[in-house]
Amino acid sequence: MSNKIACFGEILWDVLPTGKQPGGAPFNVAVHLHQLGQSVDLISRVGDDDLGSELLDFVASKGLRTDYVQLGKTHLTGVVKANVDDANEVTYKIVQPVAWDYIQYDAELEKLVEQAEVFVFGSLAARQAGTRETLYRLLEHAKFKVFDVNMRPPHYHKEVVKYLLEKANLVKMNHHELAEIMAWFGEETDRPTAMRWLATRFDLQAVCVTCGADGALLWTNDQLYRASGVWVEVKDTIGSGDSFLAALLKGWLAGQEPSEMLRFACATGALVATHQGATPAFTETDVQELLATQAV
């Protein structure tokens with residue numbers, strides 16, 4: 001295991017027509033980082049209820065510690081109703097307020113974040129004042145800040161997203177989010193131009209944009225890198241973007257060449273899309289084997 005990473009934010013149940021499955025972007029990223037050999041901790045909060053107990057058991061079953069998943073007495077464990085009628089474009093109805101809206105700041109969290117090489121966070125956890133204030137405080141102690149934009153209407157505010165962009169070192173978003181953010185600033189929405197503008201405006205080391213089946217783009221070191229999509233038979237795309245980010249961070253921390261890490265990340269996201277649910281078990285070898293089939 002290498003490179004301590006802290007993932008901050010929501011953990012919840014995705015309620016699907018086939019039943020409920022554990023989810024939440026920071027949790028999914030943490031699981032996939034662990035599966036890819038990284039040392040990672042999750043900072044979140046569940047309710048003191050049966051759903052919370054089940055989530056804690058699931059976290060542990062995935063090999064992650066639950067030390068920083070708080071137990072709340074006043075709010076229920078988070079639930080999201082996922083609509084998977086379109087397997088390639090899942091939509092969500094996110095219940096609020098819930099336990100992860102009230103992640104409490106304490107000295108142990110501060111110490112964890114100070115010692116981590118990477119701090120991963122998103123916009124959804126910042127929807128309510130409680131968790132948002134904790135996030136803002138922890139950002140002041142983080143070394144390398146990774147903003148997974150993850151805008152879920154109506155659970156984000158323009159000014160909050162802008163603030164988080166200002167705090168970030170690396171930003172990952174999808175092409176829809178890129179277009180919306182650029183519209184806020186009245187700037188060019190052509191993807192390469194927009195990514196370069198964001199990197200300059202917010203002093204970012206890297207901007208990554210996922211484009212669904214069309215692959216992904218990465219702007220870093222004043223250069224644009226592209227990776228085409230990896231063809232697979234899609235079951236659902238829940239967790240694909242989260243596994244993509246985990247794979248990208250693995251490559252980033254290892255100092256991989258940008259086009260190589262981007263290609264691996266695209267294959268990881270594609271592999272997860274061949275399964276139902278956000279956190280199917282896989283190994284780095286599985287990803288490499290998928291890439292090998294694309295080369296034939």
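A crossing of two helices is called left-handed if the near helix is turned anticlockwise from the far one by less than a right angle, and right-handed if clockwise. With that in mind, what I am showing is a predicted model, in which local features need pLDDT of at least 70 and side-chain atom pairs count only at pLDDT 80 or more, while totals for chains, interfaces and linings use all residues. Residues are numbered from 1 along each chain as its sequence is written, and side-chain values use heavy atoms, with hydrogens and water left out.

Let me start with the helix pair. Helix 4, residues 129-139, passes helix 5 in a left-handed crossing, where helices (H or I, at least four residues) and strands (E, at least two) are DSSP runs numbered from the N terminus. Helix 4 and helix 5, the latter spanning residues 158-167, pack at an angle of about 20 degrees with their axes 11 Å apart; the axes are lines fitted to C-alpha atoms, for helices over the stretch in contact, and angles run from 0 to 180 degrees between N-to-C directions. That makes the two helices roughly parallel, a word used for angles under 35 degrees.

Which residues of helix 4 meet helix 5? They are Arg-132, Leu-135, Tyr-136 and Leu-139, and they meet Val-160, Tyr-163, Leu-164 and Lys-167 in helix 5, with contact meaning heavy atoms within 4.5 Å.

Staying in helix 4, we find Thr-134, which is buried, with a relative accessible area of 4%; here buried means under 20% relative accessible area, exposed over 50%, and partly exposed in between, using a 1.4 Å probe and protein chains only. Not counting residues up to four places away in sequence, Thr-134 touches Phe-8, Ile-103, Gln-104, Tyr-105 and Leu-109. On the helix 5 side, the buried residues are Val-160, Val-161, Lys-162, Leu-164 and Leu-165, and their packing partners include helix 4, strand 8 (118-122) and helix 6 (175-185).

I will finish with the loops. The peptide bond from Pro-153 to Pro-154 is cis, with omega near 0 degrees, and Pro-154 lies in the loop between strand 9 and helix 5. In the loop between strand 12 (216-220) and strand 13 (223-227) sits Asn-221, which has a positive phi of about 55 degrees although it is not a glycine, and which is exposed, with a relative accessible area of 61%. Asp-222 lies in the loop between strand 12 and strand 13; its phi is near 60 degrees, a positive value in a residue other than glycine, and at 69% relative accessibility Asp-222 counts as exposed.

Terms used:
Angles under 35 degrees count as roughly parallel, over 145 as roughly antiparallel, 65 to 115 as roughly perpendicular and the rest as oblique.
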